[in-house]
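Work through the exercises below with the model open. Try each task before reading its solution.

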Amino acid sequence: MTANARGDSTPAVHLEGVTKAYDGKTAVAGLDLTVHRSQVLALLGPNGAGKTTTVEMCEGFVRPDSGRVRVLGLDPIAESAQLRSRIGVMLQGGGAYPGSKAGEMLELVASYSADPLDVDWLLRSLGLDDSRRTPYRRLSGGQQQRLALACALVGRPELVFLDEPTAGLDAQARLLVWELIDALRRDGVSVLLTTHLMDEAEELADELVIIDHGRIVASGTPAQVTSHGAEGQLRVTAPPGLDVTKLANTLPSGFRAHESTPGTYVVEGSIDPAIVSAVASWCVDLGALIGEIRVDQRSLEDVFLELTGKELRG
């Protein structure tokens, strides 16, 4: 799909000590971040964590206050002209002219590339063939989202920035986008994506980076991030609101039991078959059906909430 130079060892994205503040409020605080070639990296964080500012600095839309940003080895602001044809950018707002037709908009973007993908093929692949003559403002939210993705990909980029790529999409369209991102990785394209969907991040990403208050609070493969700190834990999914005190009273001294999120119960201690049996008996006594029981594994959502808090942010 792309004309990427496959032997290049230069990171697709590399940030060193990057900072950015607005009106005296720090958005990004000394951030170090690397996206390797042919890698999908998911950037996660609550609202206001600094995700958008970080990506906008990589895209060359925002100048950092300090630190170093390199994208495909180039300064995204000073060397924007050399970089622009090598990257694809998917914006949440779509970035299309409201009065333009879907097909016209994609053809216009394709005309900027020396070797674009076939526009007709891309429209068909993203389920937009029947909407090619529909003005952008009359497209549904999901169609606008898919057109924005098409515009990001039509130039055969080496690196793609995807901002909430499946926001507002139905299940079928979401699966289609997942398959397309996986195809990009296989073809050697690097992807930096932001998402609020934990299952999406786990499914797509080779590496996860969780940021909060402009700093990295966790990073690694999905398995590394979810396994850290889970040693000696038994996790059970069951109906929410069960009496955890009763469970705690049946466990040996030194064990702790709590409901981490509604319907997810965590027992911490040295887990053995007797502990598993005690937890199962607790559910039986309460007439509660166990959905899942597992040892030494946390969900990404658990980790995310533990690191960034449960309060709602604006």
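A pocket is an open set of points on a 1 Å grid over the protein atoms alone, where a 1.4 Å probe fits, with protein on both sides within 12 Å along at least five of seven lines; lining residues have an atom within 4 Å of a point. This is a predicted model: local features need pLDDT of at least 70, side-chain atom pairs count only at pLDDT 80 or more, and totals for chains, interfaces and linings use all residues. Residues are numbered from 1 along each chain as its sequence is written, and side-chain values use heavy atoms, without hydrogens and water.

**Exercise 1.** Which residues lie nearest the centre of the second largest pocket?

*Solution.*
1. Start with the lining: 17 residues.
2. Nearest the centre are Pro46, Asn47, Gly48, Ala49 and Gly50.
3. Sort the lining by class: three nonpolar, nine polar and five charged residues. Gly counts as polar here; nonpolar covers Ala, Val, Leu, Ile, Met, Phe, Trp, Tyr, Cys and Pro, and charged covers Asp, Glu, Lys and Arg.

**Exercise 2.** Are the residues of strand E3 (a DSSP run of E, at least two residues) buried or exposed?

*Solution.*
1. Locate E3 at residues 40-44.
2. Apply the cut-offs: buried is under 20% relative accessible area, exposed over 50% (1.4 Å probe, protein chains only).
3. Five of its five residues are buried.
4. Check both faces: Val40, Ala42 and Leu44 are buried on one side, Leu41 and Leu43 on the other.

**Exercise 3.** Which residues stand opposite Val40 and Leu44?

*Solution.*
1. Strands pair if DSSP finds at least two bridges between them.
2. E3 pairs with E7 (residues 190-194), parallel, over four bridges. Val40 faces Val191 there.
3. Four bridges also join E3 to E8 (residues 207-212), again parallel. Leu44 stands opposite Ile210.
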